[in-house]
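Here is a short briefing on one protein model.

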Amino acid sequence: MKKVLTIDGGGVKGIFPLSFLSTIEDTIQEKISEYFDLIVGTSTGGIIALGLGLGYSSSEILNFYEELVSDIFSGSHWFNNFKHLFISRYNPNPLKTSLESIFGDIRLGESKKRLVIPSMNLETGEVYLYKTSHHPRFERDYKTKVVDIALATASAPTYFPAFRSRDGIPLVDGGVWANNPTIVGVVEAKGVLDWDLSEVQLLSLGCTKESININWARRFPLGLGYWAVNIVNLILSGQSSGSNGMSKLLLGQQNFFRYNPISPKGRFKIDKISEIQSLKGLGASEARKALPQIKPLFFSNKVQEFIPCNN
């Protein structure tokens with residue numbers, strides 16, 4: 001069997017999948033990455049995927065992440081909310097500095113795992129995928145700095161300005177089209193790696209799903225004032241549902257495992273650092289419940305070593 005791990009975007013809420021994976025690691029006493037052939041992550045999930053690919057344990061990334069999000073998303077909230085109306089809410093420099101402290105000048109080609117990290121090209125409106133050299137035609141991305149890829153996939157519109165690559169390409173958060181990158185992993189497995197989908201098992205981790213309440217929209221023909229606040233959550237929910245549905249159809253229900261608990265509206269947010277400990281606890285609790293089902297399927301045998309086509 002080939003095993004795929006996908007991790008959603010979600011800012012601070014990335015603490016949930018990290019805690020989930022750390023709990024499993026603590027149980028099996030091995031690094032999570034040693035049990036997956038392909039790892040796909042968007043935004044916060046992309047940063048996590050990069051760390052796993054470079055050989056860090058989930059626990060190490062979790063410890064780093066707690067400091068990272070606290071540094072990035074701290075500050076005067078009333079001022080940030082006002083500023084948010086006109087320019088990006090946060091300065092990207094603290095994020096860049098924190099990433100450089102961990103990844104330094106490491107290149108994607110040093111990843112020990114096949115990785116796919118979604119972003120989007122603002123110049124053309126086309127999707128932009130960073131990939132390790134797991135196919136002969138992938139001849140450029142492996143030379144790219146991991147820090148640059150992390151910044152590209154995590155530059156969420158309104159929260160951070162677009163990231164401009166060293167080639168001059170303006171890139172934004174992959175979450176605008178693949179916040180839940182599950183189907184991206186399935187397509188890569190079949191379309192690029194030519195794996196038999198009946199032999200692919202996929203573990204998909206979300207960053208908690210906010211319950212959606214749009215009762216007013218069902219009753220009244222509301223306009224911009226209402227939808228400006230609610231449309232993003234609705235789009236993200238639809239994208240995630242579609243990604244999950246297509247993945248289940250292609251892989252079969254028996255090979256698809258998704259963990260993404262529903263939370264009350266407003267409980268967890270992309271930049272809400274006050275709930276870090278609650279997210280950690282939720283991740284540990286969900287992993288504890290999931291272990292009897294997923295441990296024998298995903299964590300019984302380590303996968304073969306990844307040998308890149310270009311290095």
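Helix α1 is largely enclosed by the rest of the structure, because twelve of its 14 residues are buried. This is a predicted model. Helix α6 is also largely enclosed, since nine of its nine residues are buried.

**Helix α1**
- Helix α1 covers residues 15–28.
- From first C-alpha to last, α1 reaches 20 Å, close to the 20 Å expected at 1.5 Å a residue.
- Its buried residues are I15, F16, P17, L18, S19, F20, L21, S22, T23, I24, E25 and I28.
- What do the buried residues of α1 pack against? Their helix partners are α2 (44–53), α3 (58–72) and α11 (276–298). Their strand partners are β1 (2–7), β7 (200–205) and β9 (256–259).

**Helix α6**
- Helix α6 spans residues 146–154.
- The buried residues here are V146, V147, D148, I149, A150, L151, A152, T153 and A154.

**Overall fold**
- The protein has eleven helices and ten strands.
- Of its 311 residues, 54% are buried.
- Contacts between residues at least 6 apart in sequence were also sorted by separation: 78% of them join residues at least 24 apart.

**Cysteines**
- How many disulfides does a search of the whole structure find? The search finds zero.
- C207 has 2% relative accessibility, so it counts as buried, the cut-off being under 20%.
- C309 has 41% relative accessibility and counts as partly exposed, because this value lies between the 20% and 50% cut-offs.

- One cavity of 30 Å³ or more is present in the structure.
- The largest cavity holds about 30 Å³ of space.
- Which residues line the largest cavity? They are L108, G109, S111, T132, S133, Y142, F306 and P308.
- By class, this lining has four nonpolar and four polar residues. It has no charged residues.

Terms used
Residues numbered from 1 in each chain as written. Predicted model: local features only at pLDDT ≥ 70, side-chain atom pairs only at ≥ 80, totals over all residues. Heavy atoms only, no water. 1 Å grid on protein atoms, 1.4 Å probe; cavity = no way out; pocket = protein on both sides within 12 Å on 5 of 7 lines; lining within 4 Å. Points joined across faces, edges and corners; volume = space filled by probe spheres on them. Nonpolar A, V, L, I, M, F, W, Y, C, P; charged D, E, K, R; others polar. Helix = DSSP H or I, 4+ residues; strand = E, 2+ residues; numbered from the N terminus. Expected span 1.5 Å × (residues − 1). Buried < 20%, exposed > 50% of the residue type's maximum accessible area, 1.4 Å probe, protein only. Contact = heavy atoms within 4.5 Å. Disulfide = S-S within 2.5 Å.
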